[in-house]
Amino acid sequence: MTCCEEDITFLGYLCRYKEEFPYQNRDWVFVTVSFRYEYMKQYKEKGPVLYLEEMIPAKKPVHDVVTFD
């Protein structure tokens, strides 16, 4: 199902990172992660957990959401 851009809700997954996080909400970065499926109390069950391995700054793309023309 697709919807209009104004109706989009952002969704995130838990990500573990051992260092200080130098970015703010809505910053653009390229990331490399490893993925595990494990229990997290925030999910109240097993779910996807990302482990951040590398993060580098990125420029905001011209279109910041995927659209279907």
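Reader: Is E54 buried, partly exposed or exposed?
Author: This is a predicted model, and in it E54 lies in strand β3. The relative accessible area of E54 is 46%. Buried means under 20% and exposed over 50%, so with 46% E54 is partly exposed.

Reader: Which residues is E54 in contact with, leaving aside its neighbours within four places in sequence?
Author: Contact means heavy atoms within 4.5 Å. With those neighbours left aside, E54 is in contact with F30, V31 and T32.

Reader: How many bridges join strand β2 to strand β3?
Author: Strand β2 covers residues 29-40 and strand β3 covers residues 45-57. One of the pairs is E38 with its bridge partner G47 in β3. The two strands run antiparallel, and the number of bridges joining them is 12.

Reader: Which residue takes a positive phi in the hairpin of β2 and β3?
Author: This hairpin has four residues between the strands. The positive phi there is near 65 degrees, and the residue that takes it is K44.

Reader: In which sense do β1 and β3 pair, parallel or antiparallel?
Author: Strands of a sheet pair through backbone hydrogen bonds, in either sense. In β3, L50 is the residue that C15 stands opposite. Three bridges link β1 and β3, and their sense is parallel.

Reader: Which are the edge strands of the open sheet?
Author: The sheet has three strands in the order β1-β3-β2, with mixed pairing. An edge strand here pairs on one side only, and the edge strands are β1 (14-16) and β2.

Methods. Residues numbered from 1 in each chain as written. Predicted model: local features only at pLDDT ≥ 70, side-chain atom pairs only at ≥ 80, totals over all residues. Heavy atoms only, no water. Pairing = 2+ DSSP bridges. Buried < 20%, exposed > 50% of the residue type's maximum accessible area, 1.4 Å probe, protein only.
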